[in-house]
Each structure stands twice: as C-alpha cells, then as structure tokens.
Amino acid sequence: MYPRLTDFFEGLFGVDLPFTIYSFGAMVAVAVLTAAWIAARELDRMHGAGLISSVRVPAESGKKGKTTYKEASPSALMGAVTVIAVVGGFAGARLFHILENLDRFFADPFGMLFTTGGFTFYGGLVVAGVGIAYYVRSNGVELGRFIDAVAPTLILAYGIGRIGCHLAGDGDWGIVSNLDAKPGWLPTWLWAETYPRNILSWTEQGGYQPLPEAVYPTPLYEFAAALLLFAVLWRLRKHAHKPGWLFSLYLVFVGLERFFIEKIRVNNEFEILGTMVTQAEVISTLLMTVGAVALYLTWPKPESASSATASST
C-alpha cells in the first residue's frame with residue numbers, strides 16, 4: 001500500500017519529490033475527471049438526439065464589453081458541476097463521518113476535521129447532489145434527464161475512489177478474514193490484507209505498522225462491483241425510459257451494493273428495534289426503497305410502448 005504516491009516514486013525510481021501527493025486525493029481527482037468527461041459526452045449525445053434542452057452560456061464579449069449568449073449543450077455546465085461535486089462531496093462526506101463518530105469528534109474536534117482520512121460516501125452524495133440539482137435547475141435543464149446522464153458515471157467514480165481508499169489504507173476495510181474459507185483459486189491478497197503501510201498507523205517514531213490481523217480488502221470488492229454496475233447502467237442508458245428512470249436504477253444498485261458489503265465491513269453500529277445496524281445500512285435501505293418507487297413511477301406505460309411500436313411499423 002502507498003498512502004502517499006511520493007513514497008511510491010521514491011521507492012521505485014529513487015525520486016524524492018519536493019511535495020506530497022496522497023493516493024486517496026489523487027484517485028479522487030482521477031474519479032472526478034473521468035466521471036465529468038464521460039457525463040459530458042453523454043449529455044452531448046442526449047442533446048444531439050433532442051432528449052435534453054440547450055442552455056444559455058456566455059459567448060465572446062461583443063462591442064463595448066457587452067456579454068452575448070449562445071445556445072449550447074448542457075455539457076457546458078460540467079465545469080461548474082464538477083466544482084460543486086468536489087466541494088460538496090468532501091464537505092458532506094466529512095460531516096456524515098463526524099456524525100458516525102461523535103464521541104471521537106468531541107474528544108478531538110480539530111483532528112477529526114482536518115485528518116486526511118475519514119469520509120462517508122453517502123454524505124458526499126447527499127450534499128453534492130442537492131447542490132448540483134439546484135444549479136442544474138437554475139440553468140433551466142430538465143433534472144430527470146441530467147441525472148440519467150450522470151448516473152453511470154457516479155458508480156464508476158465511486159469505484160475509482162475506493163482504489164484510493166485501498167492504496168491509502170484509510171480504515172475502509174473489512175472485518176478479520178477467515179482464511180480457512182478462502183477458495184483455493186483465489187489469491188490471498190484478494191481475501192486477506194494486513195495493509196502494512198496504512199495511513200492510520202503512521203507515526204514519526206515508528207513509521208507504518210501493519211494491522212495485527214488480516215482483513216477483507218473490501219475496497220477491491222467495491223471497485224469490481226462498481227465496474228460491473230457501470231457496465232449495466234451504460235448499456236441501458238439508451239433504454240426508452242422516462243426521465244429519471246436510469247438514476248432510479250442507480251439508486252437501487254448503489255444501495256444494494258453497499259448494503260451487502262456492510263456485512264463484512266468495519267463500521268460503527270447502533271440499535272434500531274432491537275437490531276444492530278450501521279448508518280450505511282440504514283441509508284442504503286432508504287436509497288433502495290426510494291429507487292424502487294421511482295423506478296415504478298418512471299417505468300414506460302404499456303400504452304406508450306404499444307404506441308411506439310405502432311408508429312414504427
């Protein structure tokens with residue numbers, strides 16, 4: 001594991017960079033830029049097909065500095081959307097992490113606020129999502145179509161971000177693994193990992209320390225699941241659905257994936273109706289429920305499907 005890419009370059013090439021590059025931050029940057037680029041291309045496709053309206057963007061300044069406007073694809077908004085996603089995502093992810101660990105926050109508020117680890121995905125999704133929705137609607141873009149365009153890229157970005165968690169060893173790992181249950185064909189590093197250079201163990205006196213027991217490398221499992229779900233959503237993006245259908249399916253997928261991975265992940269638990277659950281399990285259940293209801297509401301009606309068939313014959 002290399003929590004700092006600068007350590008990787010020094011160990012492999014003997015190059016001591018004058019600045020520090022953290023693995024998690026680098027992978028988040030890759031995730032955001034990749035998602036933004038793919039989403040912009042999908043918005044261009046939808047715009048060209050007449051599925052989503054144009055937006056007014058500033059053109060070159062005319063005479064006397066007067067700003068003129070032109071019609072463009074909503075992909076022109078992706079620069080601002082990306083900034084909102086990054087700022088809102090990090091703020092929301094840190095806020096939800098603090099809410100999960102209030103005892104640690106009250107014990108060391110400064111450390112909790114400014115540590116390089118400790119983020120909760122759902123917090124970032126909620127806060128960034130609200131900000132992006134407001135911005136998109138204020139620019140006259142149909143929100144249902146927009147979120148359908150970005151749905152596949154959201155799950156892809158999530159998977160890439162999990163690689164950053166794995167490289168950093170930031171605590172987003174699983175419970176102690178059962179080596180006796182490991183299939184013989186599966187490499188040990190995919191079943192049991194001690195994260196020998198995890199960032200949580202770093203001290204000036206002792207350097208990095210491995211975990212005392214090997215755990216399930218759940219970030220790798222989530223990365224693989226994200227790639228699979230991205231492929232499914234990308235394949236279905238041209239489905240003749242109502243606006244919001246694909247994003248509804250994304251909500252079901254992301255909730256389902258997180259709900260099951262929680263069974264082997266380390267997370268704080270609390271009691272609800274006599275059952276111990278995690279915050280992620282509760283939120284993932286809500287997402288699946290909302291997604292399932294939205295899928296029903298946005299599913300093409302039988303009469304519309306028959307009308308489309310009749311018009312095409």
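Of the 313 residues in the protein chain, 42% are buried, where buried means under 20% relative accessible area, exposed over 50%, and partly exposed in between (1.4 Å probe, protein chains only). Please keep in mind that this is a predicted model, in which local features need pLDDT of at least 70, side-chain atom pairs count only at pLDDT 80 or more, and totals for chains, interfaces and linings use all residues. Residues are numbered from 1 along each chain as its sequence is written, and side-chain values use heavy atoms, leaving out hydrogens and water.

Let us start with the overall layout. The protein chain holds 11 helices and 4 strands; helices (H or I, at least four residues) and strands (E, at least two) are DSSP runs, numbered from the N terminus. Contact here means heavy atoms within 4.5 Å, and among contacts in the protein chain with a separation of 6 or more, 67% are between residues 24 or more positions apart. The protein chain exposes about 16,800 Å², of which carbon and sulfur atoms supply 66%; accessible areas come from the Shrake-Rupley method with a 1.4 Å probe, and for residues, only the protein chains shown count as cover.

Now look at strand 1 (residues 55–58). V55 and V57 make up its covered face, while R56 and P58 are on the uncovered one. Strand 1 runs antiparallel to strand 2 (residues 69–72), and 4 bridges join them; two strands pair if DSSP finds at least two bridges between them.

For a view of the surface, turn to helix 3 (residues 78–100), where V87 is found. With 55% relative accessibility, V87 counts as exposed.

The next stop is helix 7 (residues 143–168), which contains T153. T153 is buried, at a relative accessible area of 2%. Apart from neighbours within four places in sequence, T153 is in contact with A35, I38, A39 and F230.

F230 brings us to helix 8 (residues 218–236), whose buried residues include F230. The end C-alpha atoms of helix 8 are 27 Å apart, in agreement with the 27 Å that its 19 residues should span at 1.5 Å a residue; the expected span is 1.5 Å times one less than the number of residues. The buried residues of helix 8 pack against helix 2 (23–48), helix 7 and helix 9.

In the loop between helix 7 and helix 8 lies Y195. Most residues other than glycine have a negative phi. Y195, however, has a positive phi, near 45°, and counts as buried at 0% relative accessibility.

Our tour ends at helix 9 (residues 245–261), which has 17 residues and reaches 25 Å from its first C-alpha to its last, close to the 24 Å expected. Helix 9 is mostly covered, with 14 of its 17 residues buried. S248 is found in this helix and is buried, with a relative accessible area of 4%. Leaving aside neighbours within four places in sequence, S248 is in contact with G291, A294, L295 and T298. S248 and V290 are 42 residues apart in sequence, yet 7.7 Å apart in space, C-alpha to C-alpha.
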